[in-house]
Amino acid sequence: MASADNPSRERILGRIRAAVQTTAPHHDGPSGQIFAPVTDPLDRFQKECVANITECMVTADAAASAAAIANVLASLPPGEIFAQDAPELRALVSGFTDGRPLRWSSEGPPNEASQATITLCEALVAQTGSILVSAANGGRQATVIAPVHIVFARLSQLVPDLEAAFARVYEQGIASRNSYVCLITGSSRTADIEKILIMGAHGPRRLIVVLQKTG
Amino acid sequence: MTTAAQEFLRKAAEKSADLAHRGIVRWNIDQYDAGVGRGKTRFADWEAARQRCHDIKWEAVNHLDRYLLQFEQKVKENGGHVFWAENGEEARHYICDVAARTGVKKVVKSKSMVSEEIHLAQAMEKMGIEVVETDLGEFIVQLRNEPPYHIVTPAMHLNRQQVSKLFKEKLGAEETQDPPELVAIARRWLRKSFFSAEMGISGANFIIADAGMVTITTNEGNGRLCTSVPRIQVALTGIEKVIPRLQDLATLWPTLATAGTGQPITCYNTLIGGPRRAGEVDGPEEFHVVLVDNGRSELLADLEQREVLHCIRCGACINACPVFRNIGGHAYGVTYPGPIGSVLTPHLRGLPEYQHLSYASSLCGACTDVCPVHIELHHHLLHNRRNAIHAGTHSSAERLGMKMFRWTMMSAGRFRFMGSLGRTALRVIHGMRLEGTALDPMRPWTKDRAAPAMPRESFRDLWRKQNGVR
């Protein structure tokens, strides 16, 4: 946008510059540790998942991960499944497909009627039991559109807290490589009617993490 | 024509006498209080979190030009557009232009208080564009043709029966008393909108300078669908929402969630940095950020009140306010209710017409105590009162009254005389049973309350008698 199309830009900036010539007083207070350090990330992650209603399954190897995913899919009504097109998921697929149609992210975004989506993630955060995803994880819709979202992650992706998660975001250029990043904590919910907690407002009703210890 | 102040007094009187309404608000606030109590235990040091949030916002607001320019630069690098709007009209005009140029017929919106502030939906509807609110609470109040009742919980004032009746009337849904079914009805209805809309409009909880991203916080996921599915995306936000660094969110996200709802962190904290990039599966073709000033840069110039721009719109001060708890959100008649609204509205809409809100407070300071960014809210209410007096907005009757008060208080003899006059007058009114009638000068107080009978003697008289002082 050329500034000629937006003359207000200079006017607003001019007022801001004039105002911040003088700095406002600063409120001083305690600068202690805000959150207690996370000592056992895996244990904390699992506890947080229970609290925020994420189903977390810790698996030993690829075969166990495929079986865990197959188990979830078996509980769903018939219909298409969508998956992020990634080598790890391609490798697992023979172990979990049950004959239903499977659409890969390389074919485009998921159908609105998908029964479940399966994606990888950028990181897991133990402090809050959160999953960090980006546009690279099958696109923007992949992690919100279906009633069930299954995340396949490895233990090496688990970081202790939000500070560490942001350190990883900078280190790996997650925010600069992607137009979209989302920190997901539990499945979609609302308490807009009488403050009653109801799951599955607009996004997934079930959020499942398959967390593989090895490989 | 009634003024905003008269309308406020009328609605406040009506709402504070509506016991059913007060019951609903009390129920909601009790749930909130319990949640926040639990939420705070998750912090090792809540005060340190407040301090950190204050530090972040202080840094951003006191270097606002630098961080806004850094943000703008980054967004442009990533293929987005940034428009600076002096006021609501410019912002509406820009967004309507984008909509007209790109052939938009339907808009899905996630929660944005700035869009309420500038009356965006009304302007787009005038152009023949359908605007659908997608946050459940916002969707409900939109169907009722009402403004949001509360900045975090827009439909706080309604119960499930009212929502069910509304969905039956407006959406043709079956009646149900089951809240999950009500949510499912809205989900089905709104899904259709997400996939038929060409434009998604969101607000921004923060805009991040070093990343050139906007972040929106939602529990329902509607904000994610609004920013994923439609082909044009607009993020509408105030200039004060900028923060310096992405890692500031490691404190701001949990603190906002805990202060806002008691949650450790909100379900979805989404960061959007531009349109769909080459190689990405989906996302909008165009990404526009509209930075709205609308009085904010003038507030920035007011050193005494600059920190009001630190507000992260969590709603904690509203929930804590005894005035809000009794009159609710709609009585204020403005976009931002409660203490923050009473401080901010005179800056956005003009002090003379909205100075009455500075008096919608007991100055108890509960708002200041709970503010997660340390805004001295009740002091700012006093600043607004003083500024209004200096601007000469008070009536001549009030000026005369204060003059008489001063005259009385400046001499012990006059104080005694006026005291005895007052006691006599009130005794006469009481004796003639005129209390609370139009003839009672104390009517604003006595019409709803029984005043105790006035004693014949003052405290001074009694003291002198009992201690034998002559």
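**Note on the interface of chain A and chain B**

1. Seven salt bridges are found across the interface of chain B and chain A, a salt bridge being a side-chain nitrogen of Lys or Arg within 4 Å of a carboxyl oxygen of Asp or Glu. One of them pairs Arg9(A) with Glu72(B), with 2.6 Å between the closest N and O atoms.

2. This is a predicted model, in which local features need pLDDT of at least 70 and side-chain atom pairs count only at pLDDT 80 or more, while totals for chains, interfaces and linings use all residues. Residues are numbered from 1 along each chain as its sequence is written, chains are lettered from A and ligands numbered from 1 in the order in which they are written, and side-chain values use heavy atoms, with hydrogens and water left out.

3. There are also 52 residue pairs in polar contact across the interface of chain B and chain A, both residues at pLDDT 80 or more. A polar contact is a pair of N or O atoms within 3.5 Å; within protein, one must be able to donate a hydrogen and the other to accept it, and residues adjacent in sequence count only if both atoms are side-chain atoms. On the side of chain B that touches chain A, helix H3 (residues 46-62) of chain B gives the most, with ten residues. Helices (H or I, at least four residues) and strands (E, at least two) are DSSP runs, numbered from the N terminus.

4. The contact (heavy atoms within 4.5 Å) takes 80 residues from chain A and 100 residues from chain B. About 7600 Å² is buried between the two chains, 58% of it from carbon and sulfur atoms; buried area is the accessible area (1.4 Å probe) that two parts lose on being put together, summed over both.

5. Strand S9 (residues 180-184) of chain A and strand S9 (residues 268-272) of chain B run antiparallel and are joined by five bridges. Two strands pair if DSSP finds at least two bridges between them. Ile184(A) has Tyr268(B) as its bridge partner in S9(B).

6. The order of the open, eight-stranded sheet is S8(A)-S5(A)-S6(A)-S9(A)-S9(B)-S6(B)-S5(B)-S8(B), with mixed pairing. Strand S8 (158-159) of chain A and strand S8 (242-243) of chain B stand at the edges, each with a single partner strand, so one side of each is left without a neighbour in the sheet.

7. Within chain A, strand S5 (residues 123-125) and strand S6 (residues 130-134) pair in the antiparallel sense over three bridges. Val125(A) has Ser130(A) as its bridge partner in S6(A).
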